[in-house]
Amino acid sequence: MTTDTPLRRKPRTLALEVVETLGDRIRDGRLALGDKLPTEAAIMAEFNVSRTVVREAISKLQASGLVETRHGIGTFVLGLGQAPGFKITPEQFSTLRDVIAVLELRIGLETEAAALAAQRRTDANVRAMRAALDAVASAVDAGRDAVAADFQFHLEIARATQNSHFSELMGTLGSMIIPRARLDASDALNDERRQYLRRVNGEHESIYDAIVGQDPEAARAAMRTHLANSRERRRRAQAETAGS
């Protein structure tokens with residue numbers, strides 16, 4: 001005797017369906033570069049699958065280069081995946097020399113991005129940058145890690161260029177380009193460090209003001225000052241290490 005009851009789908013098949021759907025959303029822009037994916041619980045509810053299926057799907061998206069998971073923060077869209085293009089690995093951030101080299105790259109990339117953002121930014125771009133800066137300030141005041149919000153601010157500037165190559169490259173680099181994401185992760189957020197981070201956010205505010213004011217030269221100069229200050233701080237640390 002036969003029945004019309006369908007065969008129950010295997011978890012692996014379910015995971016692939018989740019991967020395909022989320023992948024399509026990334027590729028068609030519904031989930032944009034830098035966007036945070038819905039929570040595990042939200043994905044479970046939408047697709048009616050178990051936590052195990054969701055985690056397998058996220059793992060596959062990571063392997064494809066579509067997303068990255070930042071522990072304790074969430075999973076974020078990295079790019080379109082499967083591209084063998086430019087990438088800086090975590091191992092390439094392991095020394096002060098490495099961090100300085102990346103800051104030199106950022107000076108070349110982000111100073112021009114800031115100038116273009118000043119020329120082309122929309123009201124929505126301005127709101128996104130403002131939200132990122134407010135998140136940085138809130139994190140610093142609360143003694144929390146501000147790296148994710150700091151990176152988000154720089155990513156929003158890249159988006160405001162209206163040139164997808166800038167935002168795609170920033171997304172490829174990821175939050176590791178924020179120097180303290182690699183070297184200072186274990187530092188306690190003491191008063192001296194909190195004051196330093198407030199100075200950094202003051203530099204962010206100068207960049208923001210120039211972009212809001214649609215002043216490309218001021219935006220370019222403010223971004224160069226911000227990144228050059230970070231580079232010089234690392235150079236001094238490198239010299240101190242070499243001299244000790």
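**Chatting through the helices**

Colleague: Hi! Which residue follows H6, and is its phi positive or negative?

Modeller: Helix H6 is followed by Gln162, which has a positive phi, near 60°. Keep in mind that this is a predicted model.

Colleague: Good to know. How many residues does H6 have, and how far does it reach?

Modeller: H6 runs over residues 147–160, so to speak a stretch of 14 residues. From the first C-alpha to the last it reaches 20 Å, close to the 20 Å expected at 1.5 Å a residue.

Colleague: Is H6 mostly covered or mostly open?

Modeller: Mostly covered, with 13 of its 14 residues buried. Take His154, which is found in H6: its relative accessible area is 1%, and under 20% counts as buried.

Colleague: What is His154 in contact with, leaving aside neighbours within four places in sequence?

Modeller: With that exclusion, the contacts of His154 are Arg106, Glu110, Met170, Ile178, His204, Met223, His226 and Leu227.

Colleague: And Phe153, what does that one touch on the same terms?

Modeller: Leaving aside neighbours within four places in sequence, Phe153 is in contact with Met129, Ala132, Leu133, His204, Ile207 and Tyr208.

Colleague: Now the cores. Which residues touch the most other members in the largest nonpolar core?

Modeller: That core has 21 residues, and Met129, Phe153, Ile157, Ile207 and Ile211 touch the most other members. The elements giving two or more residues to this core are helix H4 (96–120), H5, H6, H9 and helix H10 (216–243). H4 gives the most, with six residues.

Colleague: What about a second core?

Modeller: A separate one has 19 residues, including Ile26, Leu37, Ile43 and Val77.

Colleague: Switching topic: at what angle do H5 and H9 pack?

Modeller: Helix H5 (residues 123–141) and helix H9 (residues 191–212) pack at about 170°, and their axes are 10 Å apart. Angles over 145 degrees count as roughly antiparallel, so H5 and H9 are roughly antiparallel to each other.

Colleague: What kinds of residues make up that contact?

Modeller: The contact of H5 with H9 divides into ten nonpolar, two polar and five charged residues. Among them are Val126, Met129 and Arg130 in H5, and Arg194, Leu197 and His204 in H9.

Colleague: Last one: is Val200 buried or exposed?

Modeller: Val200, in helix H9, is buried, with a relative accessible area of 8%. Its C-alpha lies 9.9 Å from that of Val136, 64 residues apart along the chain. Leaving aside neighbours within four places in sequence, Val200 is in contact with Asp150 and His226.

Technical notes
Residues numbered from 1 in each chain as written. Predicted model: local features only at pLDDT ≥ 70, side-chain atom pairs only at ≥ 80, totals over all residues. Heavy atoms only, no water. Helix = DSSP H or I, 4+ residues; strand = E, 2+ residues; numbered from the N terminus. Expected span 1.5 Å × (residues − 1). Buried < 20%, exposed > 50% of the residue type's maximum accessible area, 1.4 Å probe, protein only. Axes fitted to C-alpha atoms, helices over the stretch in contact; angles between N-to-C directions. Parallel < 35°, antiparallel > 145°, perpendicular 65-115°, else oblique. Contact = heavy atoms within 4.5 Å. Nonpolar A, V, L, I, M, F, W, Y, C, P; charged D, E, K, R; others polar. Core = buried A, V, L, I, M, F, W, Y, C linked by side-chain atoms within 4.5 Å.
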